[in-house]
Amino acid sequence: MRSKVLDKILKNTPKEVEIFVDLYADLVVKINQILKEKGITKKDLADKMDKQPSEISKWLGGDHNFTLKSLAKLSAELGEDLIMVKPSSKSYNFVDGEVRTVHTFVTYRQKKRIDHHCEIRHININQGEEVSHVS
Amino acid sequence: MNTFAIELWYDEGNMCTFYTVRYVNEVDENLSETDKFFDKYANQDHIYYEQSLQLVRLITESIGNRYGATNDFFDRVENNAQALPPKPKKWVEEIKDLGINFPLRIFCYRVNEQIVVLFNGGIKDAVTAQESELSMRFQEASLFAKKIEKAFTDGIIEISNDGRYINDFNNTEEIII
């Protein structure tokens with residue numbers, strides 16, 4: 001059951017808002033959990049990170065847009081991964097007989113000239129051929 | 001305080017059920033206090049439109065579906081500082097954790113980690129506590145919380161066996177207090 005007003009809001013909530021709030025909540029819960037499990041106080045953490053306790057409170061209170069750098073520092077001090085990004089696969093698995101091409105763009109800039117050439121390389125992955133086209 | 005009904009607001013999450021309150025002495029179409037709050041702020045023309053959507057997501061997904069009403073998401077409000085006797089045993093709380101500087105506050109009464117009664121709220125502004133609209137909403141929320149707590153104490157309402165719902169002695173859907 002949901003109220004009609006809520007139903008309308010949920011149906012109009014952009015995906016990016018959902019992702020942002022979910023990530024933020026997950027992060028805050030995880031950090032609080034690690035602090036509790038390891039018996040670390042906010043003051044301990046502030047000392048370790050050479051910051052004021054009030055600044056740490058802001059971080060944990062959500063009054064901070066976590067940057068990758070601040071998350072990395074927090075992860076290092078807490079000794080736990082705070083975010084996990086699934087690495088992209090390096091290998092391509094194609095169905096037999098199917099041909100795919102990868103386009104790479106290489107720019108050559110000549111000295112003292114504004115114009116430049118752009119080379120488009122078409123690589124046939126299945127057969128390892130490379131065909132270049134310069135424009 | 002006028003008579004009000006406790007009614008379900010959202011129970012589709014796996015972890016927590018949300019109730020709200022609605023005055024019953026007004027017209028039947030009257031919105032609940034929580035719907036009034038979101039009807040006002042979750043409006044595309046409002047400057048805090050996006051923040052109100054964030055608050056809805058935090059309530060329904062983070063608390064309602066993933067974690068329940070844990071301490072991570074609530075701020076105890078020091079209502080004794082606002083001289084509001086008699087004090088409820090359990091303080092009125094604010095949903096938090098979208099930032100200390102997050103502009104919107106919504107008040108609630110946390111029955112347990114699986115049941116939360118949401119009230120109204122407002123914009124956390126710089127105006128003194130006595131003057132701000134948020135302060136009035138807080139005082140109203142305190143009275144709602146006090147009456148709900150008394151209803152539990154008097155046995156007028158109780159928590160269901162699974163801990164997810166509030167029942168009254170008649171087992172009616174709309175609980176009038």
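What follows is a short chat about a predicted model.

Biologist: What are the ground rules here?
Modeller: This is a predicted model, where local features need pLDDT of at least 70, side-chain atom pairs count only at pLDDT 80 or more, and totals for chains, interfaces and linings use all residues. Residues are numbered from 1 along each chain as its sequence is written, chains are lettered from A and ligands numbered from 1 in the order written, and side-chain values use heavy atoms, without hydrogens and water.

Biologist: What pLDDT does chain B average?
Modeller: Chain B averages 83, and 82% of its residues score at least 70. pLDDT is the predictor's confidence in each residue, from 0 to 100.

Biologist: Where does pLDDT stay under 50 in chain B?
Modeller: Over residues 80-88. Where pLDDT is low, the coordinates should not be read in detail.

Biologist: And what ipTM does the complex get?
Modeller: The ipTM is 0.83, with a pTM of 0.75.

Biologist: New topic. How many residues are in the largest nonpolar core?
Modeller: 34. B:Phe18 and B:Ile59 are among those with the most contacts inside it. A nonpolar core is a set of buried (under 20% relative accessible area, 1.4 Å probe, protein chains only) Ala, Val, Leu, Ile, Met, Phe, Trp, Tyr and Cys residues joined through side-chain atoms within 4.5 Å.

Biologist: Which element gives the most to this core?
Modeller: H2(B), with seven residues. Helices are DSSP runs of H or I, at least four residues, numbered from the N terminus.

Biologist: Is H2(B) largely enclosed or open?
Modeller: Largely enclosed by the rest of the structure, because 14 of its 19 residues are buried.

Biologist: Where is its kink centred?
Modeller: On B:Leu58, at about 30°. The bend is the angle between axes fitted to the seven residues ending there and the seven starting there.

How values were computed:
Contact = heavy atoms within 4.5 Å. Buried < 20%, exposed > 50% of the residue type's maximum accessible area, 1.4 Å probe, protein only. Helix = DSSP H or I, 4+ residues; strand = E, 2+ residues; numbered from the N terminus.
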